[in-house]
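Here are my notes on the model, point by point. Please read them with the coordinates open.

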Amino acid sequence: MRNSLAFHRLHAPKTQQRSKSGVVPPWVIVMYNSVFFNNCVHHPNEKKKEVDKFCIDCLQSFCSHCLPSHAFHKHIKIRRYIYSDVINRQDLCKLFNCSGIQAYHTNKAKVLFLKQRTQSHQQQSSSRDYKCSICGKTLQDNTSLYCSIACKVSNIYRDEEIYVGLPLTKKPRLRRTRKGVPLRSPMF
């Protein structure tokens, strides 16, 4: 506990070192619980009406047509990568401490997963695999501790009894057989 707390304090800005609850801004939790890439309810007849931005000042998601009403607010663009919500690392580092989160390359930019990263297939595990300290997903390098922003936030709040709305549990791996129960064809 003490080592992990020291790690976060070393990497947090000086304004956020005072209290553990001050490390994670409240808008991160709201952004996690928001739904992106659905149609905007305010612009149903417009083109490109997908909700793909999040306003930090208003704590709500919005589309590109809603941008003029949020012109002077801080906002983040959410992108899609492998059917998951990701955020450009360069944009998020200005607003949130991103150290320790695995960055992935897409279109010559580094992105961070907002929610837990999904693994669609079983991977062969070796002794050199680096894993997320929260969910156990495989990481690409040994400099990262978390696979997503959600895993980092859940690690910060791990020992506190505060419900942050992040349903992060380590899911047990079920071993699948290649085939089901063999069935013989009926003999007529």
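1. Start with Ile82. At 55% relative accessibility, Ile82 counts as exposed (exposed means over 50% relative accessible area, buried under 20%, partly exposed in between, with a 1.4 Å probe and protein chains only). Ile82 sits in the loop between β3 and β4. Its phi is positive, about 50°, although Ile82 is not a glycine. Most residues other than glycine have a negative phi.

2. A note on the basis. This is a predicted model, in which local features need pLDDT of at least 70 and side-chain atom pairs count only at pLDDT 80 or more, while totals for chains, interfaces and linings use all residues. Residues are numbered from 1 along each chain as its sequence is written, and side-chain values use heavy atoms, with hydrogens and water left out.

3. Leu59 also deserves a look. Its phi is positive, about 60°, and Leu59 is not a glycine. Leu59 lies in the loop between β1 and β2 (60–62). Helices (H or I, at least four residues) and strands (E, at least two) are DSSP runs, numbered from the N terminus. Leu59 is partly exposed, with a relative accessible area of 37%.

4. Which residues does Trp27 touch, not counting those up to four places away in sequence? They are Phe54, Ile56, Leu59, Ile76, Leu92, Leu95 and Phe96 (contact means heavy atoms within 4.5 Å).

5. The largest nonpolar core has 41 residues. Such a core is a set of buried Ala, Val, Leu, Ile, Met, Phe, Trp, Tyr and Cys residues joined through side-chain atoms within 4.5 Å. Trp27, Met31, Leu92, Phe96 and Ile149 have the most contacts inside the core. The elements giving two or more residues to this core are α2 (26–33), β1 (53–55), β3, β4, β6 and α4 (149–156). In soluble globular proteins, nonpolar side chains tend to be buried together.

6. Now the rings. The structure holds 2 aromatic pairs. Rings of Phe, Tyr and Trp (its six-membered ring) pair if their centres lie within 6.5 Å; planes under 30 degrees apart count as stacked, over 60 as edge-to-face and the rest as tilted. Tyr81 and Phe113 have ring centres 6.0 Å apart and planes at 55°, so this pair is tilted. Tyr81 is in strand β3 (residues 75–81) and Phe113 in strand β6 (residues 109–113), so the pair ties together parts 32 residues apart in sequence. Tyr104 and Phe113 make an edge-to-face pair, with 5.1 Å between centres and 90° between planes. Both Tyr104 and Phe113 are buried, and the relative accessible area of Phe113 is 3%. Ring pairs link Tyr81, Tyr104 and Phe113 into a cluster.

7. Check the pairing around β6. Strand β4 (residues 84–88) pairs with β6 in the antiparallel sense over 3 bridges (two strands pair if DSSP finds at least two bridges between them). Val86 stands opposite Phe113 in β6. Strand β5 (residues 104–106) also runs antiparallel to β6, joined by 3 bridges. Tyr104 has Val111 as its bridge partner in β6. β5 and β6 form a hairpin with 2 residues between them, and Asn107 in the turn has a positive phi of about 50°.

8. How many salt bridges does a search of the whole structure find? The count is 3. A salt bridge is a side-chain nitrogen of Lys or Arg within 4 Å of a carboxyl oxygen of Asp or Glu. Asp52 meets Lys53 at 3.3 Å, N to O. Asp52 counts as buried at 11% relative accessibility, and Lys53 is buried at 10%. Lys77 also bridges to Asp52, with the closest N and O atoms 2.7 Å apart. That pair links distant parts of the chain: Lys77 in strand β3 and Asp52 in the loop between α2 and β1, 25 residues apart. Asp85 forms a salt bridge with Arg80, the closest N and O atoms being 2.7 Å apart. Shared partners join Asp52, Lys53 and Lys77 into one network of salt bridges.

9. Last, Leu139 in strand β8 (residues 138–139). Leu139 counts as buried, at 6% relative accessibility. Beyond its neighbours within four places in sequence, its contacts include Tyr104, Arg117, Tyr130 and Cys147.
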